[in-house]
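I opened my notebook to look at the ligand site and the strands around it. Here is the structure I worked from.

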Amino acid sequence: MIYFDNAASSMPHPNAVDFTSSLGNPSSYHQAGQVSCNVINQSRKLLGEVFGGEPDNYYFTSGATESANLIIQGYCRFLKQRESHRNEIIVSAIEHPAVYNTVEAMGRLGFKVHVLGVDSCGIIDFQALDSLLNNNTALVCIMGVNNETGVIQPINDIFNLVKGKDNNIVTVCDAVQYLTKVEESLDLSSIDCFFASGHKIGASKGIVFFYLDEHVTLMPLFIGGEQEGGLRPGTENLYGIESLTRALNEYIQFGHKHNLHVRQLKKRLLSQLNSSDINFRLNTQYAPSSDYVLSIAFIDRDAGQLVNFLARKGVCISRGSACSSISNKSSRVLSAMQLERSVINSTIRVSFSYYNSLDEVDKFCEYIEAFHQVLLEQDVSVSM
Ligand code: PLP
């Protein structure tokens, strides 16, 4: 099997999933409980060291979707309760549904939602953002790296612009495909909340951390105990938290090497395709884009057919985000980039991890050539 769907869920680091978690409930006062509690404290400490802020700024949840909901809904519900005049939200048109649909739902709760467009490479429109900001703006939600295209937003500049206009606007960054994969750190002087997911950085599924500036108040979505400062009650996912710590330690030690390796994979894929006769297009064009996620249109070819062809060869890729792969709808992200329908219909997503090899890239390119060959032969036989 060739696994090129790491943006959906990445290959875990063996060391981050092959261990036994400690026994006690972290809230218990006895020795076993305190051992577990210490695992969580160490993880928060490490998060602060790696991504900035203090350990107390970090919270754990079960998923990026849950974190996005807790941050967005939690803040909007707080504003509602306060009867705040701030009732407008700006969201980019290319957010993951975890953010986009949550913001849309806040629209139904009475918030005015502004969808911020992007250019044909997927970069948000600065001027439009600037003109949308006003005294009623409550939240601005913009992702660091898009999960379908890999485009990298100039995220620190974007949020500096927002905070420069009004420091009380709360800024939210979905950093799921950004952290550990893009060298530039998030600037916490202009980002109030960000979240990232364990299973996209080599840890187990079911664990996510989010950063929350201490000046931002959220209303919890669940009612229960005091865990996570009461923001996310319930016994912590100790296995997941330890897995995350282990994946982060892997990143501290080898992250740079891993990123260089993945850069080579992307380079190899593009150079192989460039040196073939295949007509393709990198949808992010000249915009900065992640080495981990590539959105490629094979012009005049049906992406669904290609994905099936590759699946029969044992290659795992998808057309776009995993959570929309069951629906037949056209990609909202690619549509926001105003790509022609024919380009959208011929687009696949290839996403790498450190565990992929150059040989796998070569094999993949051979399969792409074979697919084109089959179709060319069909074209010839139809035209005869
Ligand atoms: N945000 C981004 C950028 C993602 O890529 C994903 C998952 O693919 C999510 C949010 C949602 O993550 P989850 O499905 O783990 O909640």
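I began with Asp-174: an N or O atom of its side chain lies 2.6 Å from a nitrogen atom of the ligand, a polar contact (a pair of N or O atoms within 3.5 Å; within protein, one must be able to donate a hydrogen and the other to accept it, and residues adjacent in sequence count only if both atoms are side-chain atoms). This is a predicted model, where local features need pLDDT of at least 70 and side-chain atom pairs count only at pLDDT 80 or more, while totals for chains, interfaces and linings use all residues. Residues are numbered from 1 along each chain as its sequence is written, and side-chain values use heavy atoms, with hydrogens and water left out.

One is 2.6 Å from a side-chain N or O atom of Thr-65. For His-199, I found a side-chain N or O atom 3.3 Å from a ligand oxygen. The ligand taken alone exposes 390 Å², and the protein buries 84% of that (Shrake-Rupley areas, 1.4 Å probe).

Asp-174 took me back to strand β6 (residues 170–174), where five of its five residues are buried (under 20% relative accessible area, 1.4 Å probe, protein chains only). Strands here are DSSP runs of E, at least two residues, and helices are runs of H or I, at least four, numbered from the N terminus.

Which way do the β6 side chains point? Val-170, Val-172 and Asp-174 go one way, and Thr-171 and Cys-173 the other. In a regular strand the side chains alternate between the two faces of the sheet.

I looked up the neighbours of β6 too. Strand β5 (residues 137–141) pairs with β6 in the parallel sense over three bridges; pairing takes at least two DSSP bridges. Val-140 has Thr-171 as its bridge partner in β6. Strand β7 (residues 193–197) also runs parallel to β6, joined by three bridges, and its Cys-193 stands opposite Val-172.

Definitions and conventions. Buried means under 20% relative accessible area, exposed over 50%, partly exposed in between (1.4 Å probe, protein chains only).
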